Amino acid sequence: MKLTQVIIKGEKDTANAKMFPTIKLVNNTNLKSESNISFVNTALQLLHSVNRMREFFKMREYRLPNEQIRKMEICDELSRLFSSEGNFFSSCAVLRHLVAAKSGRNYLNDGTQQDTVEFLTTLLNEVEKEI
């Protein structure tokens, strides 16, 4: 297993950084869609750190064999993000938008800081609905 340092764009790497498999996520850009997105990044890094969860989305195991019909936007976005394997920076802005829109909790995507646990719970509930 490849271990990399936690890397969030705009923050300096330190010798004391925790080591675990990560994805590179943008944070604190000047884009409105990415303002205060750290709560989404935190939830995503947590999911990504669970081997079985990471492989489930990377390998698109949520889809039946040869299935492309069902609309599974959140699962597909998680697959896209997890498949980057930390090789380049990605943004969670689309994921935040999808979760907010599908759950009816539009405040999750209004650019303000939100609770990570609430976002993670909402994300997992929406994934369960898609599957």
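## Ala93 in helix 4

Ala93 sits in helix 4, where helices are DSSP runs of H or I with at least four residues, numbered from the N terminus. In this predicted model, local features need pLDDT of at least 70 and side-chain atom pairs count only at pLDDT 80 or more, while totals for chains, interfaces and linings use all residues. Numbering runs from 1 along each chain as its sequence is written, and side-chain values use heavy atoms, with hydrogens and water left out.

Ala93 counts as buried because its relative accessibility is 13% (buried means under 20% relative accessible area, with a 1.4 Å probe and protein chains only). Its C-alpha lies 8.5 Å from that of Val40, 53 residues away along the chain.

## Helix 4 against helix 5

Helix 4 (residues 93–103) and helix 5 (residues 116–130) have axes that come within 10 Å and cross at roughly 70°. That makes the two roughly perpendicular (65 to 115 degrees). Axes here are lines fitted to C-alpha atoms over the stretch in contact, with angles from 0 to 180 degrees between N-to-C directions.

On the helix 4 side, the contact (heavy atoms within 4.5 Å) uses Leu95, Arg96, Val99, Lys102 and Ser103; helix 5 brings Phe119, Thr122, Leu123, Glu126 and Glu130.

## The core around Leu123

The largest nonpolar core has 27 residues, and Leu95, Phe119 and Leu123 are among those touching the most other members. Such a core is a set of buried Ala, Val, Leu, Ile, Met, Phe, Trp, Tyr and Cys residues joined through side-chain atoms within 4.5 Å. Beyond four places in sequence, Leu123 contacts Leu47, Ile74, Leu78, Leu95 and Val99.

How values were computed
Parallel < 35°, antiparallel > 145°, perpendicular 65-115°, else oblique. Buried < 20%, exposed > 50% of the residue type's maximum accessible area, 1.4 Å probe, protein only.
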